[in-house]
Amino acid sequence: MARTKKQPNDSGFVLFNIVYQDGTLSSNRKVPRSEADGLDGDAPARAFIEAQDRKIAEMSGNPRGPIKTMTRLRGQ
């Protein structure tokens with residue numbers, strides 16, 4: 001009996017770890033796959049996360065610093 005290759009889990013989201021300029025880490029940030037899988041690389045995902053950060057800062061009154069690095073998590 002032949003083994004079938006396991007299909008990747010297409011959850012509709014891509015996860016990113018974000019490191020901010022001040023050194024804080026935000027793990028497993030969800031970005032819709034439609035924002036992250038384009039010809040522009042991770043630039044649309046960065047814009048999506050920055051927009052989330054602005055909205056959170058507006059509601060909480062605690063702004064986030066600028067993003068230093070974004071790392072796309074593999075094996076999703």
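Tutor: Let us begin with contacts: a contact means heavy atoms within 4.5 Å. In this protein, residues 24 or more positions apart account for 47% of the contacts with a separation of 6 or more. The model is a predicted one, in which local features need pLDDT of at least 70, side-chain atom pairs count only at pLDDT 80 or more, and totals for chains, interfaces and linings use all residues. Residues are numbered from 1 along each chain as its sequence is written, and side-chain values use heavy atoms, with hydrogens and water left out.

Student: How many helices and strands are there in the protein?

Tutor: Helices (H or I, at least four residues) and strands (E, at least two) are DSSP runs, numbered from the N terminus. Here there are two helices and three strands, and their order along the sequence is β-β-α-α-β.

Student: Which strands does S1 join through bridges?

Tutor: Two strands pair if DSSP finds at least two bridges between them. S1 runs antiparallel to S2, with six bridges, and antiparallel to S3, with five bridges. On the S2 side, valine 19 has leucine 25 as its bridge partner; on the S3 side, asparagine 17 stands opposite threonine 71. S1 and S2 form a hairpin with four residues between them, and glycine 23 in the turn has a positive phi of about 95 degrees.

Student: Which residues of S1 lie on its covered face, and which on its uncovered one?

Tutor: In a regular strand the side chains alternate between the two faces of the sheet. In S1, the covered face holds Val14, Phe16, Ile18 and Tyr20, while Phe13, Leu15, Asn17 and Val19 form the uncovered one.

Student: Which residues of H2 are buried, and which are exposed on the face turned away?

Tutor: Buried means under 20% relative accessible area, exposed over 50%, and partly exposed in between, with a 1.4 Å probe and protein chains only. In H2, the buried residues are Ala45, Ile49, Asp53 and Ala57. Seen down the axis of H2, these fall within an arc of 110 degrees (taken from the directions from the helix axis to the C-beta atoms), so they line one face of the helix. They pack against S1 (13-20), S2 (25-32), helix H1 (33-36) and S3 (67-72). The face turned away from the buried side carries the exposed residues Arg54, Lys55, Glu58 and Met59.

Student: What follows just after H2?

Tutor: Glycine 61 comes there, with a positive phi of about 85 degrees.
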